[in-house]
Amino acid sequence: MATDWRSDTVEEVRALILEAEPDVEEEAKWVKPSNPAGVPTFSCSGLICTVETYKDKVKLTFARGAALADPGSLFNASLDAGTRRAIDLREGDRIEPSAFVDLVREAVELNRA
């Protein structure tokens, strides 16, 4: 992946996920010729989220997002999905760090329940 706003966003999100839960495991899944680096997935007692990079956005999809309270109102995509919810970040968008850390912690607690 080229170094640009998307890779910077992925690195910022990765750091926040690790801040929220130091025991998180990151793994690249769905490696294919069109995406040789695969899709970063973050797990702790189950899948927390995936981080996909598109031409116009970085999509953070929470596997069990529909079950999360999301008090920071971060979810802005896949709002009609039965189980998952997503956060689409476009160039220039900023994610509220403390709200995101809280969301990741909530997802981990849900996985551990």
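Colleague: Which elements do the buried residues of H1 pack against?
Modeller: Bear in mind that this is a predicted model, where local features need pLDDT of at least 70 and side-chain atom pairs count only at pLDDT 80 or more, while totals for chains, interfaces and linings use all residues. Residues are numbered from 1 along each chain as its sequence is written, and side-chain values use heavy atoms, with hydrogens and water left out. Contact here means heavy atoms within 4.5 Å, and helices (H or I, at least four residues) and strands (E, at least two) are DSSP runs, numbered from the N terminus. On that basis, the buried residues of H1 pack against E1, E2, E3, E4, E5 and H2.

Colleague: Which residues of H1 are buried?
Modeller: Buried is under 20% relative accessible area, exposed is over 50%, and partly exposed lies in between (1.4 Å probe, protein chains only). An α-helix has 3.6 residues a turn, so residues three or four places apart point the same way. The buried set in H1 is Trp5, Arg6, Ser7, Thr9, Val10, Val13, Arg14, Leu16, Ile17 and Ala20.

Colleague: How far apart are the end C-alpha atoms of H1?
Modeller: Helix H1 covers residues 5-20, which is 16 residues. The expected span is 1.5 Å times one less than the number of residues. That gives 22 Å for H1, and the end C-alpha atoms agree, being apart by 22 Å.

Colleague: In what order do the 5 strands form the open sheet?
Modeller: Two strands pair if DSSP finds at least two bridges between them. The pairing in this sheet is antiparallel, and the order is E1-E2-E3-E4-E5.

Colleague: Which are the edge strands?
Modeller: An edge strand pairs on one side only. Here that picks out strand E1 (25-29) and strand E5 (85-89).

Colleague: What is the bridge partner of Phe42 in E3?
Modeller: E2 (residues 39-43) is mostly covered, with 4 of its 5 residues buried. E2 is joined to E1 by 5 bridges, with Glu25 partnered by Ser43. Towards strand E3 (residues 47-53), E2 pairs over 3 bridges in the antiparallel sense. In E3, Phe42 has as its bridge partner Cys49.

Colleague: Which residue takes a positive phi in the hairpin of E2 and E3?
Modeller: That hairpin has 3 residues between the strands. The residue with a positive phi near 60 degrees is Ser45.

Colleague: Which residues do ring pairs link into a cluster?
Modeller: Rings of Phe, Tyr and Trp (its six-membered ring) pair if their centres lie within 6.5 Å; planes under 30 degrees apart count as stacked, over 60 as edge-to-face and the rest as tilted. There are 2 aromatic pairs in the structure: Phe62 with Phe75 is edge-to-face at 5.5 Å centre to centre and 75 degrees between the planes. Phe62 with Phe100 is also edge-to-face, at 6.0 Å and 80 degrees, with Phe100 in helix H2 (residues 97-112), 38 residues apart from Phe62. The cluster is Phe62, Phe75 and Phe100.

Colleague: Why does Phe75 count as buried, and at what relative accessibility?
Modeller: Phe62 counts as buried because its relative accessibility is 0%, and Phe100 is buried at 0% as well. Phe75 counts as buried because its relative accessibility is 11%.

Colleague: Over which ring does the charged end of Lys57 sit?
Modeller: A charge sits over a ring if NZ of Lys or CZ of Arg is within 6 Å of the ring centre and within 35 degrees of the ring normal. Lys57's charged end is 5.5 Å from the ring centre, and the ring belongs to Tyr54.
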